[in-house]
Amino acid sequence: MADLSRRNLLRAGGALGALGAFTVAAPAKAWTWSSAGSIAGTGTGRDPRYVWDDLADPVLASLLERGGVPAVNDVLRSWTKNGQTIPSGLPSDVAALVNQTRTLPAWADQRKLDLAYQFTRKRGLYLGVLYGMNSGMMSAAIPREARAVYYSKGGADLTDRIAKTAKLGYDIGDYHAYRPDGEMVVTCVKTRLTHAAVRHLLPQSPHWVASADEEIPISQFDIMVTWHSLASSVWQKLMDWNIRIPKAEADAYLHIWQVTASMLGVLDEYIPASWDEALAQREQVLVPLLGPTPEGVKLAEMLTNLGDRIDFTLVTKPAFESVTRYMLGDQVTDWLGIDRNPILDATVAAAWIPFVRLRELGLPLLGVPSIYFVFEELIRKFALFYLEPGQQINIDIPTMNNPNYPS
């Protein structure tokens, strides 16, 4: 990976300059969200910034220390469907962990999980653009997440890392996501194992330690921050666009994300029980934490340049930048050093809501302004690039941090 780009740091200018070259974000305010609004309806009062994964962390730490990760990755590569029996050959502690963590929470409602597919099928176009150009780019403006990605193994191959992240977005919206013939349980379990490995590995990186404001990454608070960059941020945008969604589908979409949080190891007392509670929690745990870091600026540059593999960025990059600016607003995109394209920026801002209205009405796009075809083509290209169902994407447990930033 190239060094942090001086050009992009200068372009991100004022925000980074005011905070210093390698800023450490100010600690978040004390956790005040009430667990009365959670799935559990009550709680222990523990601050989720200091809660990690008591089940997975010790097992993965032991597995890494005894050099057993490559063999486990080999065995788990053949496990792709929720209903499959766990392949033989896993160490006993890992097998026990996988079997324990593949079980859906007792409160999971399969009817709602199935109905969530109807929501996704109807809103797939919006979800694709929101997951990619809203949530995905927002992650670069979440300081802890940006640092964790940049200095972990995923930061050395962002295309691979994004493909694996996109797999979760694809699997959660797939037909029968949590049924035996789906893949979401597998994706969640492998992601949970990966998180546990990163918690063990990143504190060994002097580069991460020098920039981080936490001793152990990916706390339950951090997972919920990422959850909000996806679930509740998408929901907020759909509400901002005045999209009418039947209550049953709205509840189902929330439910599939509630189950996903649980499957990633989040305790019930931190998982919002309603969209109102989710949006209230989002205002505390996500919105105030957004900000610039050198790592985030570099990640944003890498993300906007991924169009190289599609059309050498001649069309994709400016369109990606303008749609992202519309989704995230000027402050966040300026923090990330994303280029301004004044004419295209203004065109996207003026055209997006009418585009949504036409889509909601189910009208053909014949005879409408050409910018709508830009939206359609951009979304199609990125959907095919990241979410192609035929792609063989496997989530492997890492054994190292970013090799470009060695210890």
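I counted secondary structure first: the protein has 18 helices and zero strands. Helices (H or I, at least four residues) and strands (E, at least two) are DSSP runs, numbered from the N terminus. This is a predicted model, where local features need pLDDT of at least 70, side-chain atom pairs count only at pLDDT 80 or more, and totals for chains, interfaces and linings use all residues. Residues are numbered from 1 along each chain as its sequence is written, and side-chain values use heavy atoms, with hydrogens and water left out.

**Whole chain**

I looked up burial next. Of the 407 residues in the protein, 55% are buried. Buried means under 20% relative accessible area, exposed over 50%, partly exposed in between (1.4 Å probe, protein chains only). The protein exposes about 17300 Å². Carbon and sulfur atoms supply 57% of that area. Accessible areas come from the Shrake-Rupley method with a 1.4 Å probe; for residues, only the protein chains shown count as cover.

Then I took the contacts (heavy atoms within 4.5 Å). Among contacts with a separation of 6 or more, 78% join residues 24 or more positions apart.

**Helix H2 and its packing**

I turned to H2, residues 56–65. Is H2 enclosed or open? Seven of its ten residues are buried, so H2 is largely enclosed by the rest of the structure. I listed the buried ones: Ala56, Asp57, Val59, Leu60, Ala61, Leu63 and Leu64. They pack against helix H3 (69–76), helix H4 (92–101) and H8. After H2 comes Gly67, with a positive phi near 70°.

Two packed helices are described by the angle between their axes and the distance between the axes. Axes here are lines fitted to C-alpha atoms, for helices over the stretch in contact, and angles run from 0 to 180 degrees between N-to-C directions.

I checked H2 against H8 (residues 184–201): the axes come within 8 Å and cross at roughly 65°. H2 is therefore roughly perpendicular to H8. The classes are: under 35 degrees roughly parallel, over 145 roughly antiparallel, 65 to 115 roughly perpendicular, and the rest oblique. The crossing of H2 and H8 is right-handed. A crossing is left-handed if the near helix is turned anticlockwise from the far one by less than a right angle, and right-handed if clockwise.

Which residues make the contact of H2 and H8? H2 gives Ala56, Asp57, Leu60, Ala61, Leu64 and Glu65. H8 gives Arg192, Leu193, Ala196, Ala197, Arg199, His200 and Leu201. I sorted them into eight nonpolar, one polar and four charged. In this scheme Ala, Val, Leu, Ile, Met, Phe, Trp, Tyr, Cys and Pro count as nonpolar, Asp, Glu, Lys and Arg as charged, and the others, Gly among them, as polar.

**H4 on H8**

Leu97, Val98 and Thr101 of H4 meet Val189, Arg192 and Leu193 of H8. That contact divides into four nonpolar, one polar and one charged.

**Positive phi in loops**

Most residues other than glycine have a negative phi, and most peptide bonds are trans. I noted two non-glycine residues with positive values. His176 has phi near 60° and sits in the loop between helix H7 (158–172) and H8. Ile218 has phi near 55° and sits in the loop between helix H9 (206–211) and helix H10 (220–240). Is Ile218 buried or exposed? Ile218 counts as buried, at 14% relative accessibility.

I looked up Ala261 in helix H11 (residues 247–263). Ala261 is buried, with a relative accessible area of 1%. Not counting residues up to four places away in sequence, Ala261 touches Met224, Trp227, Val266 and Ile271. Trp227 is 34 residues from Ala261 in sequence and 7.3 Å away, C-alpha to C-alpha.

Gly296 lies in helix H13 (residues 294–304). I found it buried, at 0% relative accessible area. Neighbours within four places aside, Gly296 contacts Ala140, Ala146 and Leu336. Leu336 is 40 residues along the chain, with 6.5 Å between the C-alpha atoms.

Gly124 lies in helix H5 (residues 110–138). Gly124 is partly exposed, at 32%. Its C-alpha is 8.3 Å from that of Gly173, 49 residues apart along the chain.
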